[in-house]
Amino acid sequence: MVEHGSAAALLGLRDPKSDLAVAIGAGLPRTALGRLARALAPADARFKFRLVPQAVLAEQRGVKRLPPEQSALLARVARALSFALEIYGDPEKARRFLFGPHMMLGNQAPIDVILDADDGADRVIQLLGRAAYGGAV
């Protein structure tokens, strides 16, 4: 089940009000990957490998924290999911938005935009904001 709340809460950080930037710098716990993947795609056990490649996980076997680069990506995805949950109020509707093609993103799914570009989460969050607050979408 998807937890409503902040990106930190979605990532399973003990203090949801903690500074996410500090957590990213230290590396998010590996458990954050599974939590976020289950929140986004509960029926797809392999979705986590779209977030962090299987080779990276294998290379890091035994390490309890993800590298900062992967941690930053997870935080971007969690921010977008958190906002989608806030806007839609329903986990399934939020997932449909994130995984369905959107004409204002070149018919790409928002999740693909987030994963493909450093500014992807910002673009998706702006799109959600326009939808929520009466802008054109």
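User: Let's start with helix 9. Which residues of helix 9 are buried?

Analyst: Keep in mind that this is a predicted model. To read burial, look at how much of a residue's surface is left accessible: under 20% relative accessible area is called buried. In helix 9, that label goes to Gly120, Ala121, Val124, Leu127, Leu128 and Gly129.

User: And what do the buried residues of helix 9 pack against?

Analyst: Look for elements with heavy atoms within 4.5 Å. Here the buried residues of helix 9 pack against helix 6 (68–88), helix 7 (91–99) and helix 8 (110–116).

User: What span does helix 9 reach from its first C-alpha to its last?

Analyst: Helix 9 covers residues 120–132, so 13 residues by the usual helix assignment. Its ends are 18 Å apart, close to the 18 Å expected at 1.5 Å a residue. Just after helix 9, have a look at Gly134, which takes a positive phi of about 90°.

User: Now helix 7. Which residues are buried there?

Analyst: Pro91, Ala94, Arg95, Phe97 and Leu98 are buried in helix 7. To see whether such residues share a face, check the arc they cover around the axis. These cover only 160°, which puts them on the same side of helix 7. Among the elements that cover them are helix 3, helix 6, helix 8 and helix 9.

User: How do I read the largest nonpolar core, and which residues touch the most other members?

Analyst: Think of a core as buried nonpolar residues joined through their side chains. The largest one here has 44 residues, and Leu11, Leu36, Leu51, Val77 and Val124 touch the most other members. Helix 1 (7–10), helix 2 (20–26), helix 3 (31–40), helix 6, helix 7, helix 8 and helix 9 each give two or more residues to this core. Helix 6 gives the most, with 10 residues.

User: Which residues is Val77 in contact with, leaving aside its neighbours within four places in sequence?

Analyst: With those neighbours set aside, Val77 is in contact with Leu36, Leu40, Leu51, Ile111, Ile114 and Leu115.

User: What about charged pairs? How many salt bridges does a search of the whole structure find?

Analyst: For a salt bridge, you want a side-chain nitrogen of Lys or Arg within 4 Å of a carboxyl oxygen of Asp or Glu. The search finds four. One of them joins Asp112 and Arg50, with the closest N and O atoms 2.3 Å apart. This pair links distant parts of the chain, with Asp112 in helix 8 and Arg50 in helix 4 (residues 48–51), 62 residues apart. Asp112 is partly exposed at 25% relative accessibility, and Arg50 is partly exposed at 41%.

User: Where do Asp118 and Arg76 lie?

Analyst: First, the pair itself: the side chains of Asp118 and Arg76 meet in a salt bridge, 3.6 Å from N to O. Asp118 lies in the loop between helix 8 and helix 9 and Arg76 in helix 6, so the pair ties together parts 42 residues apart in sequence.

User: Which parts does the pair of Asp122 and Arg79 tie together?

Analyst: Their side chains meet in a salt bridge at 2.8 Å, N to O. Asp122 lies in helix 9 and Arg79 in helix 6, so this pair ties together parts that are 43 residues apart in sequence. Asp122 counts as partly exposed at 37%, and Arg79 is partly exposed at 32%.

Technical notes. Residues are numbered from 1 along each chain as its sequence is written. This is a predicted model: local features need pLDDT of at least 70, side-chain atom pairs count only at pLDDT 80 or more; totals for chains, interfaces and linings use all residues. Side-chain values use heavy atoms; hydrogens and water are left out. Helices (H or I, at least four residues) and strands (E, at least two) are DSSP runs, numbered from the N terminus. The expected span of a helix is 1.5 Å times one less than its number of residues. Buried means under 20% relative accessible area, exposed over 50%, partly exposed in between (1.4 Å probe, protein chains only). A nonpolar core is a set of buried Ala, Val, Leu, Ile, Met, Phe, Trp, Tyr and Cys residues joined through side-chain atoms within 4.5 Å. The arc is that of the directions from the helix axis to the C-beta atoms.
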